[in-house]
Amino acid sequence: MRLGDPAMSAFIPFWAMLVLALGTMLLGFSQGSVPGWFGGIRVAAQALSGALPAMVALLTAGVFAGGFRWSAFAGAQSASPLHWTAFSNPFQFVAFIVFVISGLVLLGIAPMDGAHAAPDLHGGVSSHLYGRRLSLFRLGRFYGFFFWSVIAVVLFLGAWRLPFGLQEALGDSFSSGVLQLAEMAWLLSKTYVLMLVVVWIARVNPRSRVDQVTDFSWKVLSPFSLFALIGASIWAGWGAF
């Protein structure tokens, strides 16, 4: 599987998620109503609180990969879960958990969707949306969740590396197109499993208020992300010597 692979390619979708959050905020502001205005402010506050730990967690994964190209993340891992970034050392596992939860905060995905809570703001940013526009709004949020899960799999869960020697077997026996389709299917399968786990956890946990989400992000996720970055850097430096 080949994606756009410039030197800092891992940061491109991260900024895209910030643009999605910015668009949601502007959607609330453009409605010219109190629920929309306050909904936009809450979306902005929650997105900013989730952006910092997510960025630090991405840097932590880059420490293990030795760069921020997609190919660097895939090349540093193998098909075996024991050689995935998330399970390479305890600090990377912490970074993986922080990255996933920070994405839920940044995008307002359940159970971290306090900024999008409709009852206490009479609809919030979606108060004036209905029909096709409301469907597109919800589809955009789902797309953000899916895209963030794909990024998490590439950074921490083995990317598209095929198991059981399939990488070599398909590469020797078939064309590159068949190999790329198999890699994409494997990547999407792991993404689907990750999304199922997140949805299951969301179902058994109550929705958090927006102030609880931002407090959790600043006071828990951010310190843990910095702890993971420092620990992973020391781990990598110790291994180099």
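Phe11 and Phe68 are both buried in this predicted model. Their rings form an aromatic pair, with centres 5.0 Å apart and planes at 50 degrees. That geometry is tilted. The pair links distant parts of the chain. Phe11 belongs to helix α1, residues 11-29. Phe68 sits in the loop between α2 (34-65) and α3 (70-75).

**Aromatic pairs**

The model holds 13 aromatic pairs. Another of them joins Phe14 and Trp15. Here the arrangement is edge-to-face. The table sets out both pairs.

| Pair | Centre to centre | Angle between planes | Geometry |
|---|---|---|---|
| Phe11 and Phe68 | 5.0 Å | 50 degrees | tilted |
| Phe14 and Trp15 | 5.4 Å | 75 degrees | edge-to-face |

Why does the Phe14 and Trp15 pair count as edge-to-face? The planes stand 75 degrees apart, and angles over 60 degrees fall in that class, so the pair is edge-to-face. Phe14 is buried, with a relative accessible area of 3%. Trp15 is partly exposed, with a relative accessible area of 47%. Phe14 and Trp15 also belong to one aromatic cluster, together with Phe96, Phe99, Trp148 and Phe156.

**Packing of α1 and α5**

How do the axes of α1 and α5 cross, and within what distance do they come? Helix α5 covers residues 131-156. The two axes come within 11 Å and cross at roughly 155 degrees. Because the angle is over 145 degrees, α1 counts as roughly antiparallel to α5. The crossing of α1 and α5 is left-handed.

From α1, the contact is made by Pro13, Phe14, Met17, Leu20, Thr24 and Leu27. From α5 come Arg133, Phe137, Gly140, Gly144, Phe147, Trp148 and Ile151. The residues of this contact divide into 9 nonpolar, 3 polar and 1 charged. Phe14 and Trp148 take part in the helix contact, and both are members of the aromatic cluster.

**Two buried sites**

Leu157 lies in the loop between α5 and α6 (166-173). Is Leu157 buried or exposed? Its relative accessibility is 9%, under the 20% limit, so Leu157 counts as buried. Beyond the residues up to four places away in sequence, Leu157 touches Gln77, Trp84, Ala86, Phe87, Phe96, Ala152 and Lys190. Take Ala86, one of these partners. The C-alpha atoms of Leu157 and Ala86 are 6.3 Å apart, although 71 residues separate them along the chain. Phe96, another partner of Leu157, is a member of the aromatic cluster.

Ser225 is in helix α8, residues 210-240. At 1% relative accessibility, Ser225 is buried. Which residues does Ser225 contact, leaving aside its neighbours within four places in sequence? They are Pro53, Val56, Ala57, Thr60 and Val98.

**The chain overall**

The protein chain has 8 helices and 0 strands. From the N terminus on, its elements run α-α-α-α-α-α-α-α. Of its 241 residues, 48% count as buried. Among contacts with a separation of 6 or more, 81% are between residues 24 or more positions apart.

Methods. Residues are numbered from 1 along each chain as its sequence is written. This is a predicted model: local features need pLDDT of at least 70, side-chain atom pairs count only at pLDDT 80 or more; totals for chains, interfaces and linings use all residues. Side-chain values use heavy atoms; hydrogens and water are left out. Rings of Phe, Tyr and Trp (its six-membered ring) pair if their centres lie within 6.5 Å; planes under 30 degrees apart count as stacked, over 60 as edge-to-face and the rest as tilted. Helices (H or I, at least four residues) and strands (E, at least two) are DSSP runs, numbered from the N terminus. Buried means under 20% relative accessible area, exposed over 50%, partly exposed in between (1.4 Å probe, protein chains only). Axes are lines fitted to C-alpha atoms, for helices over the stretch in contact, and angles run from 0 to 180 degrees between N-to-C directions. Angles under 35 degrees count as roughly parallel, over 145 as roughly antiparallel, 65 to 115 as roughly perpendicular and the rest as oblique. A crossing is left-handed if the near helix is turned anticlockwise from the far one by less than a right angle, and right-handed if clockwise. Contact means heavy atoms within 4.5 Å. Ala, Val, Leu, Ile, Met, Phe, Trp, Tyr, Cys and Pro count as nonpolar, Asp, Glu, Lys and Arg as charged, and the others, Gly among them, as polar.
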